Amino acid sequence: RQTSGEAAVRGLLFAFMGYGVITLADAAVKAMLPQIGVAGAMLWRGCVGALAVAAMAGFRGLWPRRGGLVLGRSAMHCCVSVIWYFVWMSGLGLADSDAVAAASPLLMTMLAIPLLGEKVGWRRWTSCLVGFAGVLVMLQPGGELWRWETALLLVGVVGMALSRIWTRTLASTDTPQAIAFWLMLVHIPFGLALLPVQALWPDADGPELFPGWLVGLLVFFGMANALAHLLFARGFAMASIAALAPLEYTPLLLGVVLGFALFGEVPAWTTLGGAAIVVAAGLYNVHRERVRRAEERSRAA
């Protein structure tokens, strides 16, 4: 749907804040995963996050109008969450995973063709191919990202791009609190399903291994996810996919800083170089979208 310039600016601000908050939440859960495991992360995110969304919404507007799409999007996002947590537990760095995720805006550009009916010219197709060449630079044989977890992460990136587009679609009918609440709530059955293969507290053998700092991080993790997805739902309702796409690179910049500060991670030059190519291609797509919009307005006038 069309939005005014003022509303689009507010939407960009909401989304920018959402990306900042979600990156902090990612750093928190990565630090906790050795203690809580993937199942624990899903359950805490679902329980605390759903309660936080409901409280922030005043327990109003939580029932979805397009229940099937809301639940389908929520389930897909949960699958993406499981993939991300699993690759982090397997040793992939925060900045490395964010670098691979930088391909998401390029996928959003291509998926918007069948899903949103958008037209993409040869210039943007070319930039998408250049962007995926950047992904190949990151994944070159023998490099730090030449590992099977990265292939799994790329599957998650496709799911993430679809989730972003579906957020835009749902924003025309459902409230931000409904979209965020059901996303958080669906994490609970996913977490329960993972319990048979991984205990909630895989390393715990007594209450002394349940320190106060961990409780605080768990609460922050759930509440930060709740706030971030409320901001995303609000932002995607007010700004277009093309305008929002550059903000997808915010987690990469923050991830490099947080990964080094918290975990001592230093991405390889191939990772940073490939990510730079991907980001440049994505920003060119945004430029072409703005040019196309300006031409359409000029013809309409």
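Is Arg-147 buried, partly exposed or exposed, and at what relative accessibility? Arg-147 comes out at 28%, so it counts as partly exposed; the label covers everything between buried (under 20% relative accessible area) and exposed (over 50%), with a 1.4 Å probe and protein chains only. The model here is a predicted one, in which local features need pLDDT of at least 70 and side-chain atom pairs count only at pLDDT 80 or more, while totals for chains, interfaces and linings use all residues. Residues are numbered from 1 along each chain as its sequence is written, and side-chain values rest on heavy atoms, with hydrogens and water left out.

As for the overall build, the chain has eleven helices and zero strands, where helices (H or I, at least four residues) and strands (E, at least two) are DSSP runs numbered from the N terminus. Of its 301 residues, 51% count as buried. Helix α3 is a clear case of cover, with eight of its eight residues buried. Leu-94, Asp-96, Ser-97, Asp-98 and Val-100 are among them.

Back to Arg-147, which forms a salt bridge with Glu-149. A salt bridge here is a side-chain nitrogen of Lys or Arg within 4 Å of a carboxyl oxygen of Asp or Glu. The closest N and O atoms of this pair are 3.1 Å apart. Glu-149 has 8% relative accessibility and therefore counts as buried, whereas Arg-147 is partly exposed. In general, side chains of opposite charge can pair when their charged atoms come close.

The structure holds two salt bridges. Lys-30 and Glu-265 form a salt bridge too, again with 3.1 Å between the closest N and O atoms. This pair ties together distant parts of the chain, 235 residues apart: Lys-30 sits in helix α1, and Glu-265 in the loop between α10 and α11 (269–300). Both Lys-30 and Glu-265 are buried.

A search of the whole structure turns up two cavities of 30 Å³ or more. On a 1 Å grid over the protein atoms alone, a cavity is a set of points where a 1.4 Å probe fits but cannot get out, and lining residues have an atom within 4 Å of a point. Grid points are joined across faces, edges and corners, and a volume is the space filled by probe spheres set on the points. The largest share, six residues, comes from α2. Sorted by type, the lining of the largest cavity has twelve nonpolar, three polar and five charged residues. Ala, Val, Leu, Ile, Met, Phe, Trp, Tyr, Cys and Pro count as nonpolar, Asp, Glu, Lys and Arg as charged, and the others, Gly among them, as polar.

On the outside, Leu-13, Phe-16 and Met-17 make up a nonpolar surface patch with about 280 Å² of accessible area together. Patches are made of residues with over 30% relative accessible area and no salt bridge, with like charges joined within 9 Å and nonpolar side chains (Val, Leu, Ile, Met, Phe, Trp, Tyr) within 5 Å. The areas come from the Shrake-Rupley method with a 1.4 Å probe, and for residues only the protein chains shown count as cover. Leu-13 belongs to helix α1 (residues 5–56).

The loop between α1 and α2 holds Phe-59, which has a positive phi of about 55 degrees although it is not a glycine. Most residues other than glycine have a negative phi. With 56% relative accessibility, Phe-59 counts as exposed.

Met-138, in helix α5 (residues 122–138), is buried with a relative accessible area of 1%. Its C-alpha lies 8.4 Å from that of Ala-99, 39 residues away in sequence. Leu-71 of helix α2 counts as partly exposed at 42% relative accessibility. Leu-71 and Ile-179 are 108 residues apart in sequence, with 8.9 Å between their C-alpha atoms. Gln-140, in the loop between α5 and α6, is partly exposed at 30% relative accessibility, and its C-alpha is separated by 9.5 Å from that of Thr-271, 131 residues apart along the chain.

Definitions and conventions. 1 Å grid on protein atoms, 1.4 Å probe; cavity = no way out; pocket = protein on both sides within 12 Å on 5 of 7 lines; lining within 4 Å.
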